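Here's a short tour of one protein chain. Have a look at the structure first, then we'll walk through a few of its parts.

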Amino acid sequence: MTDPIADMLTRIRNAARTHKAEVFVPFSKMKLAILKIMKKHGFISGFEEVEKSPENKFGGLQVGLKYDENKQMAISGLKRISKPGRRIYAAKDKLPVVLNNFGISIISTSAGLMTNKEAKKKGLGGEIICEIY
């Protein structure tokens, strides 16, 4: 697999389209940080780390998806911006605005992963990982 973050976003997107309650994602620290941001902003209901077991060869993350009362997913769009073949960076004054600030973009800065709004407050630029709305 060349892009594990895109794989995670695709797993979440596909599970949401089929109205699954949870989806399993292989573990990485970057994915964990992205999921923490998604939980903080209310895009997922939660996640928990799953240890290795006989039925599960690898550890991972069990992500709980969030729906409203009409069974509409809290996430209407997930888009990977910076890819392994084409990295996209933004300066502190050129950070993206997602859906007129109704969505977020996740930025990898020198101070760690954060949303575009947090990076703007701290005056940091970095690699644009993905957009969520």
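## What counts as touching

Two residues are in contact here when they have heavy atoms within 4.5 Å of each other. Keep that in mind as you read on, and also that this is a predicted model.

## Two helices packing together

Here's some background before we look at the helices. A pair of packed helices is described by two things, the angle between the axes and the distance between them.

In this model, helix α1 covers residues 4-17 and helix α2 covers residues 29-40. They pack at an angle of about 40 degrees, and their axes are 10 Å apart. That angle makes α1 oblique to α2. The crossing of α1 past α2 is right-handed.

Who makes the contact? On the α1 side you'll find P4, I5, M8 and I12, while α2 brings in M30, K31, I34, L35 and M38. Sort these residues by class and you get eight nonpolar, no polar and one charged.

## The largest nonpolar core

In soluble globular proteins, nonpolar side chains tend to be buried together. So where does that show up here? The largest nonpolar core has 26 residues. The members that touch the most other members are I12, L35, M38, L65, I75 and I132.

At least two residues each come from α1, β1 (22-26), α2, β3 (60-65), β6 and β8. The top contributor is α1, with six residues.

Zoom in on I12 for a moment. Leaving out neighbours within four places in sequence, I12 is in contact with V23, L35, M38, L65, I75 and L78. L35 and M38 also turned up on the α2 side of the helix contact.

## A second core, and L124

There is also a second, separate core, this one of eight residues. Among its members are I107, M114, L124 and I128.

Let's follow L124. Its place is in the loop between α3 (116-122) and β8 (126-132). Not counting residues up to four places away in sequence, L124 touches K92, L95, T109, S110, A111, M114 and A119. How far is L124 from S45? Their C-alpha atoms are separated by 29 Å, and the two residues are 79 places apart along the chain.

E127 is found in strand β8. Is E127 buried or exposed? Its relative accessible area is 13%, so E127 is buried. Leaving aside residues up to four places away in sequence, E127 touches S82, R87, I88, Y89, I106, I107 and S108. One of those, I107, belongs to the second core.

Now try K122, which is found in helix α3. K122 has 58% relative accessibility and therefore counts as exposed, as the cut-off for exposed is over 50%. K122 and K92 are 30 residues apart along the chain, yet their C-alpha atoms are separated by 8.8 Å.

## Loops worth a look

Find the loop between β5 (89-90) and β6, where N100 has its place. The phi of N100 is near 55 degrees, which is a positive value in a residue other than glycine. N101 is in the loop between β5 and β6 too, and it has a positive phi of about 70 degrees although it isn't a glycine. As for accessibility, N100 counts as exposed at 64%, whereas N101 is partly exposed at 42%.

Last stop: K66, in the loop between β3 and β4 (78-80). K66 counts as partly exposed, at 34% relative accessibility. What does K66 touch, not counting residues up to four places away in sequence? The list is G42, F43, I44, S45, Q72, M73 and A74. K66 and T109 are 43 residues apart along the chain, and their C-alpha atoms are separated by 28 Å.

Notes
Residues are numbered from 1 along each chain as its sequence is written. This is a predicted model: local features need pLDDT of at least 70, side-chain atom pairs count only at pLDDT 80 or more; totals for chains, interfaces and linings use all residues. Side-chain values use heavy atoms; hydrogens and water are left out. Helices (H or I, at least four residues) and strands (E, at least two) are DSSP runs, numbered from the N terminus. Axes are lines fitted to C-alpha atoms, for helices over the stretch in contact, and angles run from 0 to 180 degrees between N-to-C directions. Angles under 35 degrees count as roughly parallel, over 145 as roughly antiparallel, 65 to 115 as roughly perpendicular and the rest as oblique. A crossing is left-handed if the near helix is turned anticlockwise from the far one by less than a right angle, and right-handed if clockwise. Ala, Val, Leu, Ile, Met, Phe, Trp, Tyr, Cys and Pro count as nonpolar, Asp, Glu, Lys and Arg as charged, and the others, Gly among them, as polar. Buried means under 20% relative accessible area, exposed over 50%, partly exposed in between (1.4 Å probe, protein chains only). A nonpolar core is a set of buried Ala, Val, Leu, Ile, Met, Phe, Trp, Tyr and Cys residues joined through side-chain atoms within 4.5 Å.
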